[in-house]
Amino acid sequence: MLQSKELRYIALMKYYFHTVLKRTVIIVLLTLLYSHLHAETLILTLAMKESAAPFFTPDQKGILNLLYKEAFKRVGKDIIIHSLYAKRSLVRANTGEADGDALRLKNIHIYYPNLIRVPEPIWEVQLAAFTKNLNIKIKDWDSLKGYRIGYLNGWEFFDRHLSQFEYVHKSEYLSSLLFMLDRDRIDILLYSKLITQLYIKKNGLTSIKMLQPILKKQPAYLYLHKKHKQLVPALATAFRQMKTDGNYEQAEKMIEQQMQD
């Protein structure tokens, strides 16, 4: 039989074990709670300073706001999107002043080497031509020659394709370009199909139409500053999962609703 001294020792060890275990569990839970409440908040820039709906809204309820909020939640981060002029958006992301750029076409990292592309596209951007002159026929970039073209400053995709064109006007504002188009100061506006159609609808610019076919369909990506390269694989996985679990279907319904309102 155990002596009383040994029994006291066993009782003491049991007490010590349970006390330490309880404290350890409490510490772990508090640590997890603290991490949840104090998750790192990353800042993404978006090259749409004006008229960014439905992709971005100041109340952080645009399509990209909601998709990124969910994706970054899955990797333990919070996210805020700041809309900026196109060129400034890239510069801030590339210097690390911001944590990344939320929506860019492929290969932008060639020109901005501090940016790393998350390989799974976040969205497909449809680039379209808008005009008042429905006699204009387009089929490729060369078919735009001879017309007065307008597009947003900082869109290097357009810069590369239109560098040899005789008349190109760039502006920081979609509203300015649509005003020029409506007043016949330019012949064609090049921009996102979705954003431009929604702006035209909300502002009653019924004389401006979209030309067919769509000029270009391009996958668009999230680019992170290289200091966050460890997040790239997990975010790519999150985007792929979200495309099958209903998040993107919800985003498409949001677009349909805004186009009908």
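In this predicted model, the buried residues of helix H6 pack against strand S5 (123-131), helix H5 (174-182), strand S8 (188-192) and helix H8. H6 itself spans residues 193-203, and its buried positions are Leu194, Ile195, Thr196, Leu198, Tyr199 and Ile200.

The protein has eight helices and 10 strands, and 45% of its 261 residues count as buried. Among contacts between residues at least 6 apart in sequence, 75% join residues at least 24 apart.

Two packed helices are described by the angle between their axes and the distance between the axes. For H6 and H8, the angle is about 30° and the axes lie 9 Å apart. Angles under 35 degrees count as roughly parallel, so H6 and H8 are roughly parallel to each other. On the H6 side, the residues that meet H8 are Leu194, Gln197, Leu198, Lys201 and Lys202, while H8 contributes Ile255, Gln258, Met259 and Gln260. Sorted by class, this contact has four nonpolar, three polar and two charged residues.

H2 covers residues 63-73 and H8 covers residues 247-260; the two pack at an angle of about 165°, with their axes 10 Å apart. Since angles over 145 degrees count as roughly antiparallel, H2 and H8 are therefore described as roughly antiparallel to each other. The crossing of H2 past H8 is right-handed. From H2, the contact draws on Ile63, Leu66, Leu67 and Glu70, and from H8 on Asn247, Tyr248, Ala251, Met254 and Ile255. In terms of class, there are seven nonpolar residues, one polar and one charged in the contact of H2 with H8.

His228 sits between strand S10 (216-225) and helix H7 (232-242). With a relative accessible area of 6%, His228 falls under the 20% cut-off and is therefore buried. Leaving aside residues up to four places away in sequence, His228 touches Glu40, Leu42 and Asp99. With Asp99, the side chain of His228 forms a side-chain to side-chain polar contact of 2.7 Å.

Notes: Residues are numbered from 1 along each chain as its sequence is written. This is a predicted model: local features need pLDDT of at least 70, side-chain atom pairs count only at pLDDT 80 or more; totals for chains, interfaces and linings use all residues. Side-chain values use heavy atoms; hydrogens and water are left out. Axes are lines fitted to C-alpha atoms, for helices over the stretch in contact, and angles run from 0 to 180 degrees between N-to-C directions. Helices (H or I, at least four residues) and strands (E, at least two) are DSSP runs, numbered from the N terminus. Angles under 35 degrees count as roughly parallel, over 145 as roughly antiparallel, 65 to 115 as roughly perpendicular and the rest as oblique. A crossing is left-handed if the near helix is turned anticlockwise from the far one by less than a right angle, and right-handed if clockwise. Contact means heavy atoms within 4.5 Å. Ala, Val, Leu, Ile, Met, Phe, Trp, Tyr, Cys and Pro count as nonpolar, Asp, Glu, Lys and Arg as charged, and the others, Gly among them, as polar. Buried means under 20% relative accessible area, exposed over 50%, partly exposed in between (1.4 Å probe, protein chains only). A polar contact is a pair of N or O atoms within 3.5 Å; within protein, one must be able to donate a hydrogen and the other to accept it, and residues adjacent in sequence count only if both atoms are side-chain atoms.
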